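Please read it alongside the sequence and the coordinates.

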Amino acid sequence: MTLLDVSQVSKSFPGVRALDRVRLEVGRGEVHALLGENGAGKSTLIKILSAAHVADEGVVTFDGQPLDPRDAPLRRQQLGIATIYQEFNLFPELSVAENMYLGREPKRLGLIDWRRLRADAAALLGELGLPLDPDAPVSRLTVAEQQMVEIAKAMTLNARLIIMDEPTAALSSREVDRLHAIIADLKARGVSVIYVSHRLAEVKAMCDRYTVMRDGRYVASGDVADVEIDDMVRLMVGRSVEFFRRARSGPPGPVVLKVETVTPKRPRLAAPGYLKDICLEVRAGEIVGLAGLVGAGRTDLARLIFGADAIASGSIRLDDKPLKLRSPRDAIRAGVMMVPEDRKQQGCFLDHSIRRNLSLPSLKPLSRLGQWIDERAERDLVETYRLKLRVKMASQETPIGKLSGGNQQKVLLGRSMALAPRVLIVDEPTRGIDIGAKAEVHQVLSDLAAQGVAILVISSELAEVMAVSDRIVVFREGVVVADLDGETATEEGLMAYMATGVGRASPPGMEHRPQ
Amino acid sequence: MTSSPTLSPDPAADQATSPPRRFDPLAFARKHRTILFLLLLIAVFGAVNERFLTIRNALNILSEVSIYGIIAVGMTYVILIGGIDVAVGSLLAFASLAAAYVVTTVVGPSPVSWLIALGISTLVGLAGGYVHGKAVTWLHVPAFIVTLGGMTVWRGATLILNDGGPISGFDAAYRWWGTGDILFVPVPIAVFVLVAALGHVVLRYTRYGRQVYAVGGNAEAARLSGVNVDFIVTSVYAVIGALAGLSGFLLSARLGSAEAVAGTGYELRVIASVVIGGASLTGGSGGVGGTLLGALLIGVLSNGLVIMHVSSYFQQVVIGLIIVAAVAFDHYARTHKA
């Protein structure tokens with residue numbers, strides 16, 4: 001029996017067709033895996049189901065009734081569609097019980113009936129078998145426990161469909177097992193679950209049916225029992241837009257950057273083995289791509305190399321000399337530069353002019369006595385990079401916030417290039433920018449490599465990693481699982497490493513076990 | 001401004017190159033609101049009372065403005081990095097009283113007592129501000145709380161220092177700093193002009209100034225661009241402390257005594273000057289020019305109200321309302337750019 005039926009749903013954003021006539025069918029009491037690469041359109045679809053986005057066209061039927069696309073998100077929750085995003089919607093200072101019944105607290109004489117609130121919460125938690133104290137403040141719970149609160153909250157609304165976006169991305173393997181037990185229990189109660197995950201082994205073990213999306217389109221669906229992990233990988237990869245694979249400029253030079261058994265002082269994830277004793281080498285003129293799922297530890301490693309976070313042990317060597325990095329300032333002085341992942345939060349000074357944005361770290365050599373800025377030299381510098389990177393801008397005085405994402409990214413690349421770094425780290429170089437600008441950015445990276453810069457590129461887009469990299473290092477859960485030649489790597493191979501930690505080269509029939 | 005040739009029809013970039021639009025009175029009024037309001041106030045007060053528009057009164061206003069205006073230059077830096085300092089009035093009192101104490105009871109009569117007092121007052125202020133800055137950067141206590149604590153600590157320390165009594169008995173050279181003049185310009189005004197000019201030049205033309213803007217615009221991006229954020233933050237609190245000390249010295253020279261209650265309520269005037277001058281409390285935008293206008297506006301307003309025999313109690317009400325109105329207007333202008 002069908003509970004949710006999505007048919008011919010499309011959604012466009014300025015310049016991008018995010019969903020193109022997508023369909024999805026979820027049965028009652030079914031755990032349905034929604035699969036696809038980053039950017040395949042899964043998030044957009046989820047947001048349409050939870051009414052965070054309004055579809056441009058198409059019909060969504062829930063329990064036999066067509067849904068009004070203009071519903072408020074709250075209305076969808078009342079209908080029984082609950083969404084648990086990766087970023088939880090919980091109030092950390094409130095208790096578990098308060099979060100579960102927020103806005104719907106039982107009342108007595110117009111005031112909150114605390115006793116009943118607690119009793120109701122405890123009863124429901126008990127029924128669901130969730131080991132949580134209703135009085136505990138959410139801020140003291142682990143990620144896994146907070147997730148349980150979200151599930152309990154959904155059940156207070158009698159959810160019949162729970163959408164879970166990457167629910168296991170931040171869980172340890174024991175917590176994953178417990179989550180799966182909870183999902184099995186939900187299923188037994190007739191609740192349906194849409195399970196978005198890149199961890200295909202979990203999908204295989206846990207889900208009944210699957211739907212694969214690619215580039216905003218529906219690709220395939222079927223019973224999980226009928227397919228192998230390799231088949232799912234094959235359905236997920238392959239895309240309509242191909243990047244030009246960069247031509248190698250020649251044999252790489254000597255090792256410039258050497259990361260030796262580095263461990264962070266404060267690992268972002270407490271999971272054992274996460275970013276422990278990491279080793280990595282980048283040669284002059286070489287572009288090394290770091291592939292992996294979001295949260296695999298690539299950005300964390302980049303921040304260690306850039307001095308943005310502290311290391312506990314190991315060494316980072318530049319030209320075989322150990323670096324002592326207490327801050328990004330030390331790294332920049334030594335010749336290491338990074339273009340951060342989040343352009344707006346970590347890169348741009350949005351209200352400040354393009355000139356100020358680009359020149360900031362390079363001002364010292366442009367200043368008399370290191371302080372008195374020679375503005376003419378500064379303008380010349382900015383003009384140089386405007387021409388070199390073909391930044392489209394009206395004037396150097398335009399606030400950078402007014403530029404398109406692609407042009408902002410070029411300004412930030414210019415900021416790094418102006419320092420003539422030995423090592424350049426670029427985290428998600430083309431996230432959220434249009435396809436033409438992407439190709440230009442790739443060309444810039446290629447040119448820099450040809451000049452002998454050692455480059456690390458972090459990208460969640462497999463096609464991009466493959467297009468720019470001479471060598472590809474694959475991360476999974478904070479561990480390097482593969483170091484591949486960029487020319488022979490395939491998307492299927494990378495995806496398999498990223499999702500399971502094991503390559504596709506393994507003999508057929510061999511079990512893919514999650515680590 | 002150099003305008004580079006436009007290569008492409010990028011819509012966002014085009015806005016800034018479009019030829020100068022026809023004169024838009026509303027936009028003009030919005031842009032120059034502070035100076036227009038200032039001129040309006042001057043016109044109204046001048047029309048109501050003929051004693052207002054005299055050179056004597058103008059110098060009087062400017063001398064008043066100079067004392068807190070010097071600190072407002074420092075507050076411009078503090079607010080630019082997204083910080084706040086409500087301890088300036090108390091620190092002013094402590095620094096000036098400490099300096100006066102040393103000069104009158106420790107050193108005794110000396111031809112350079114003014115120099116000693118100037119030095120001590122400024123250095124004590126600098127040290128106090130440095131402590132505020134370190135508390136903000138090392139202990140990660142919000143600047144508002146650090147300086148709120150500082151506000152009562154320094155005031156209390158001032159009262160302890162001389163049992164709450166004033167210290168007077170300065171020599172003529174000392175008094176000259178508050179009452180003398182250079183080519184008919186009262187000394188405090190000259191010092192204020194110097195401080196403001198220096199403050200403007202550093203902010204506008206030096207790397208340090210750029211870094212101040214950068215830290216306030218986006219502290220994380222500044223750090224990832226190699227800016228020593230902790231140094232910048234600590235230094236602006238140290239600078240405003242030193243300026244509070246300098247201002248305290250001038251005030252004691254002007255009044256002929258260092259008083260434990262000196263500078264009470266200055267934090268309000270100083271912050272108001274910067275905010276009325278158009279700086280954003282979230283940091284990253286503003287400048288010394290705007291602060292000067294803001295300080296003048298408050299000076300004109302207080303003086304005009306006095307001349308019109310409005311009680312000083314009522315003045316406080318007016319100044320408070322104007323601050324809120326200025327910030328509300330600023331927010332309105334920001335969210336309704338269109």
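This is a predicted model: local features need pLDDT of at least 70, side-chain atom pairs count only at pLDDT 80 or more; totals for chains, interfaces and linings use all residues.

Which residues of the largest nonpolar core touch the most other members? They are I162(A), I455(A), I71(B) and I240(B), in a core of 247 residues.

- Helix α12 of chain B, residues 229-255, gives the most to the core, with 16 residues.
- On the side of chain A, at least three core residues come from domain 1 (2-236) and at least three from domain 2 (255-353 + 419-500).
- I71(B) is in contact with V88(B), I240(B), L243(B), A244(B), S247(B), Y266(B) and V270(B), leaving aside neighbours within four places in sequence.
- One of these partners, I240(B), is also named with I71(B) among the residues that touch the most other core members.
- As background, nonpolar side chains in soluble globular proteins tend to be buried together.

**Domains of chain A**

- The domain assignment of chain A gives domain 1, residues 2-236, and domain 2, which consists of residues 255-353 + 419-500.
- Taken over C-alpha atoms, the centres of domain 1 and domain 2 of chain A are separated by 32 Å.
- Contact between the two domains of chain A involves 15 residues of domain 1 and 12 residues of domain 2.
- On the domain 1 side, the elements that give two or more residues are α7 (200-206) and α8 (229-236) of chain A.
- Of the elements on that side, α8(A) gives the most, with 4 residues.
- By class, the side of domain 1 of chain A that touches domain 2 has 7 nonpolar, 5 polar and 3 charged residues.

**Helix α14 of chain A**

- Helix α14 of chain A runs over residues 405-417, and its 13 residues should span 18 Å at 1.5 Å a residue.
- The end C-alpha atoms of α14(A) are 18 Å apart, which agrees with that expectation.
- α14(A) is mostly covered, since 12 of its 13 residues are buried.
- The buried residues of α14(A) include the charged-named positions K410(A) and R415(A), as well as V411(A), L412(A), L413(A) and M417(A).

**Chain B as a whole**

- The secondary structure of chain B amounts to 15 helices and 4 strands.
- Along the principal axes, the C-alpha atoms of chain B fill a box of roughly 75 × 55 × 35 Å.
- Of the 338 residues of chain B, 47% count as buried.
- Among contacts in chain B between residues at least 6 apart in sequence, 78% join residues at least 24 apart.

**Individual positions**

- G289(B) lies in helix α14 of chain B, residues 288-307.
- G289(B) counts as partly exposed because it has 17 C-beta neighbours inside 10 Å, and a residue needs 20 or more to be buried.
- From C-alpha to C-alpha, G289(B) and N57(B) are 23 Å apart in space, and they are 232 residues apart in sequence.
- L74(A) is placed in helix α2 of chain A, residues 73-79.
- L74(A) is exposed because 11 other C-beta atoms lie within 10 Å, and the cut-off for exposed is 12 or fewer.
- L74(A) and L117(A) are 43 residues apart in sequence and 21 Å apart in space, C-alpha to C-alpha.

Conventions
Residues are numbered from 1 along each chain as its sequence is written. Chains are lettered from A and ligands numbered from 1 in the order in which they are written. Domain bounds come from an automatic or database domain assignment. Two residues are in contact if their C-beta atoms, placed from the backbone, lie within 7 Å. A nonpolar core is a set of buried Ala, Val, Leu, Ile, Met, Phe, Trp, Tyr and Cys residues joined through C-beta atoms within 7 Å. The expected span of a helix is 1.5 Å times one less than its number of residues.
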